[in-house]
Amino acid sequence: MKYKLLTVGFLIYIGLSFLVNGYSLANYYINDLAVNNQFVDEGTTDSKLEYDYVSNVYKKMAYVDINGAFRRVLGQHELNGVVKLKNDHLVFLQPLTPDETLSVCADETKKLSDALAKRGIEYMWFTLPYGVDKYVDEMPAGDYIDYGNDTLDNFTAMLDDRGIRTVDLRDVIHAEGKTTYDYIYKTDHHWTSEGVLWAVSKMVAAVDETCGIPVDDSLYDIDNYDMTVYKNKQLGSCGTRTGQYFAGKDDFTLITPKFDTLLQNEKYGVEGTMPQVMMDVEALATDASAFYTYEAVNKGKTPNYEVHNPNAPQLRVLVIGDSMSLSEMPYISLAFSDVYCINSNYVDTLTEEFLDEYQPDIVISTYHLYNLYEEAFAYGLNNEYSDKSR
């Protein structure tokens with residue numbers, strides 16, 4: 001009798017789960033209201049219906065949270081493709097990108113640099129850190145190996161060999177006695193707000209040195225900014241796979257200038273202060289920012305956008321980047337008169353016609369490790385990879 005009751009109870013649970021999850025799926029199809037599904041990989045199934053069903057399981061994060069809590073109690077370091085380092089930072093371990101792939105990316109970068117040089121336009125590449133520090137070993141015990149820094153070393157060397165000016169921010173961090181973990185979120189692979197301000201200060205200084213544009217040294221002095229900390233606010237790209245208890249959540253710091261700012265966003269036809277034009281501060285008061293807080297706060301998620309700063313030194317800067325650039329743009333826009341951003345997913349829009357129209361003085365690339373693949377270098381400048389751009 002006991003086993004029959006257990007069986008009936010289990011079947012009732014399965015039936016109710018199917019109905020509730022079916023309602024959640026229907027709500028997604030009808031009203032486009034999706035459960036957060038960042039930790040569900042596309043391509044895990046050939047059936048779109050199955051993928052959509054799994055992506056919209058009701059209260060899915062509660063199951064993930066429970067799983068992560070048990071893994072933490074058991075002292076385990078891996079869950080859903082994410083590894084927890086000894087310092088509790090979560091990372092996706094990276095394979096070594098083949099030299100053949102990196103060579104294509106480096107060659108296309110060289111073509112871009114040469115095309116810009118013919119127009120008298122400067123070009124710089126910034127090698128960015130990611131979730132694993134190059135100089136500090138925080139790998140947990142076990143067969144855990146990460147090749148991301150080897151890939152970045154190889155690619156940076158290829159660019160150097162081709163005569164392209166590079167600034168390796170990993171080395172700058174190390175030289176200042178800091179680590180990647182001081183500037184990257186614990187549950188995500190992006191810059192923290194403090195990391196953004198630091199990184200942009202280095203980028204602007206390098207542009208200043210290259211172009212001879214005087215930038216006020218106090219512009220990125222942390223004392224000239226208001227800092228509001230939101231405790232346990234963010235669960236990032238790794239955290240959504242492991243839940244909030246596996247390694248905890250990230251604090252989020254809203255960093256806004258104390259000094260007067262005036263920006264004009266040409267894309268949206270908006271004028272105002274830097275936070276008004278480049279940030280959605282109101283999102284911090286809603287649940288919308290529980291995942292990827294920096295994305296909820298920082299605008300500019302469209303493929304291309306242009307910002308004008310009438311009070312900054314006259315220099316037209318083109319940034320080619322990815323989601324790391326999303327958080328960089330508000331602060332870069334404080335230093336120069338004009339800043340335009342092209343997302344690496346849309347580099348086919350970087351054409352001869354675009355250069356004729358925008359006429360940048362300098363182009364900088366700030367690619368994350370994850371975007372070192374051929375399609376992200378398919379610049380629309382008549383190269384053989386242009387038709388592959390996404």
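N309 sits in the loop between β10 (304–308) and β11 (316–321); strands here are DSSP E runs of at least two residues and helices are H or I runs of at least four, numbered from the N terminus. With a relative accessibility of 6%, N309 counts as buried, where buried means under 20% relative accessible area, exposed means over 50%, and partly exposed is in between (1.4 Å probe, protein chains only). Setting aside neighbours within four places in sequence, N309 is in contact with L262, L263, S333, L334, F336 and S337, contact being heavy atoms within 4.5 Å.

A word on what you're looking at: this is a predicted model, with local features needing pLDDT of at least 70 and side-chain atom pairs counting only at pLDDT 80 or more, while totals for chains, interfaces and linings use all residues. Residues are numbered from 1 along each chain as its sequence is written, and side-chain values use heavy atoms, leaving out hydrogens and water.

Now follow β11 over to β13 (residues 362–366). The two pair in the parallel sense over five bridges; strands pair if DSSP finds at least two bridges between them. L318 has V363 as its bridge partner in β13. Strand β4 (residues 122–127) also runs parallel to β13, joined by four bridges, and here Y123 stands opposite V363. How many of the residues of β13 are buried? Five of its five are. I362, I364 and T366 point one way and V363 and S365 the other, and all are buried.

Most residues other than glycine have a negative phi. Q359, though not a glycine, has a positive phi of about 55 degrees, and it is exposed at 52% relative accessible area. N232 is another non-glycine with a positive phi, of about 50 degrees. N232 is found in strand β6 (residues 225–234) and is partly exposed, at 48%.

Next, the helices. Helix α7 covers residues 193–211, and its axis comes within 9 Å of the axis of helix α11 (residues 323–332), crossing at roughly 65 degrees. Those axes are lines fitted to C-alpha atoms over the stretch in contact, with angles running from 0 to 180 degrees between N-to-C directions. The crossing is right-handed, which means that the near helix is turned clockwise from the far one by less than a right angle. V196, L197, V200 and M203 of α7 meet S327, E328, Y331 and I332 of α11. These residues divide into six nonpolar, one polar and one charged. Among the buried residues of α7 are V196, L197, W198, V200 and M203. The 19 residues of α7 should span 27 Å at 1.5 Å a residue, and the end C-alpha atoms are 27 Å apart, which agrees; the expected span is 1.5 Å times one less than the number of residues. Just after α7, G212 takes a positive phi of about 70 degrees.

Elsewhere, three strands form an open antiparallel sheet in the order β1-β2-β3. β1 (78–79) and β3 (90–91) stand at the edges with a single partner strand each, so one side of each has no neighbour in the sheet. Two bridges join β1 to β2 (residues 82–84), and E78 stands opposite V83.

Last stop: G269, in the loop between β8 (263–265) and β9 (270–272). Buried or exposed? G269 is exposed, at 67% relative accessible area. Its C-alpha atom is 9.9 Å from that of E306, 37 residues apart along the chain.

Conventions. Nonpolar A, V, L, I, M, F, W, Y, C, P; charged D, E, K, R; others polar.
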